[in-house]
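Here are some friendly notes to read with the structure open beside you. Take them one at a time and find each residue as it comes up.

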Amino acid sequence: VGGAGTVSISGTDTAGTVNINFGFGTSAGILANVSFTNSFNQTPHVVISPVGSNCAALNYYVNRTTGGFSIGTASAGPSGVSCAFDYIAID
């Protein structure tokens, strides 16, 4: 998320929102790691959806395990911009 960038998460193991504030000097890669409080028995289906247009243009993707998931991007985030992703994780 670059220098002075921040990430915050609100929600549960099954649904929530990841808020991202891009700093300066951003690059492609993992934006956020979300760890579940209780691991799933098998790798869950994780769906992420950008909230508003600030994250919509990113080439975003999700990596998932039984213990959590990460949100990544194939392109650098826009410096000084905030965006959010809603998520749902279903076993």
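**Notes on the strands, the core and a few residues**

1. S1 and strand S2 (residues 15-21) pair in the antiparallel sense, with six bridges between them. Strands here are DSSP runs (E, at least two residues; helices would be H or I, at least four residues), numbered from the N terminus. Two strands count as paired if DSSP finds at least two bridges between them.

2. Before going further, please keep in mind that this is a predicted model, where local features need pLDDT of at least 70 and side-chain atom pairs count only at pLDDT 80 or more, while totals for chains, interfaces and linings use all residues. Residues are numbered from 1 along each chain as its sequence is written, and side-chain values use heavy atoms, with hydrogens and water left out.

3. Now follow the open sheet that S1 and S2 belong to: four strands, in the order S1-S2-S7-S4, with antiparallel pairing. Strand S1 (6-11) and strand S4 (45-51) are at the edges and have a single partner strand each, so one side of each is left without a neighbour in the sheet. As background, strands of a sheet pair through backbone hydrogen bonds, either parallel or antiparallel.

4. Strand S6 has partners of its own. S3 pairs with S6 in the antiparallel sense over six bridges, and in S6 the bridge partner of Val34 is Phe69. Strand S5 (residues 60-65) also runs antiparallel to S6, joined by six bridges; here Tyr61 has Gly72 as its bridge partner in S6. S5 and S6 form a hairpin, with two residues between them.

5. How many residues of S6 are buried? Six of the six are, so S6 is largely enclosed by the rest of the structure. Buried means under 20% relative accessible area, exposed over 50%, and partly exposed in between (1.4 Å probe, protein chains only). Gly68, Ser70 and Gly72 point one way from S6, while Phe69, Ile71 and Thr73 point the other way. In a regular strand, the side chains alternate between the two faces of the sheet.

6. Thr73 is worth a visit. This residue is found in strand S6 (residues 68-73) and counts as buried, at 1% relative accessibility. A polar atom of the Thr73 side chain lies 2.8 Å from the backbone oxygen of Ser75. A polar contact is a pair of N or O atoms within 3.5 Å; within protein, one must be able to donate a hydrogen and the other to accept it, and residues adjacent in sequence count only if both atoms are side-chain atoms. Leaving out residues up to four places away in sequence, Thr73 touches residues including Ala28, Leu58 and Tyr60; contact means heavy atoms within 4.5 Å.

7. Next, the largest nonpolar core, which has 18 residues. Such a core is a set of buried Ala, Val, Leu, Ile, Met, Phe, Trp, Tyr and Cys residues joined through side-chain atoms within 4.5 Å. Val18, Ile20, Leu31, Ile48, Phe69, Ile71 and Phe85 touch the most other members. S2, strand S3 (29-35), S4, S6 and strand S7 (82-90) each give two or more residues to this core, and the largest share, four residues, comes from S7.

8. The structure holds four aromatic pairs. The rings of Phe36 and Phe40 have centres 4.9 Å apart and planes at 70 degrees, so this pair is edge-to-face. Rings of Phe, Tyr and Trp (its six-membered ring) pair if their centres lie within 6.5 Å; planes under 30 degrees apart count as stacked, over 60 as edge-to-face and the rest as tilted. Phe36 is buried at 8% relative accessibility, and Phe40 is buried at 14%. Ring pairs link Phe36, Phe40, Phe69 and Tyr87 into a cluster.

9. Thr26 sits in the loop between S2 and S3 and is buried, at 16% relative accessible area; its side chain reaches the backbone oxygen of Gly77 at 2.5 Å. Ala4, in the segment before S1, is exposed at 77% relative accessibility. Ala4 has a positive phi of about 70 degrees although it is not a glycine.
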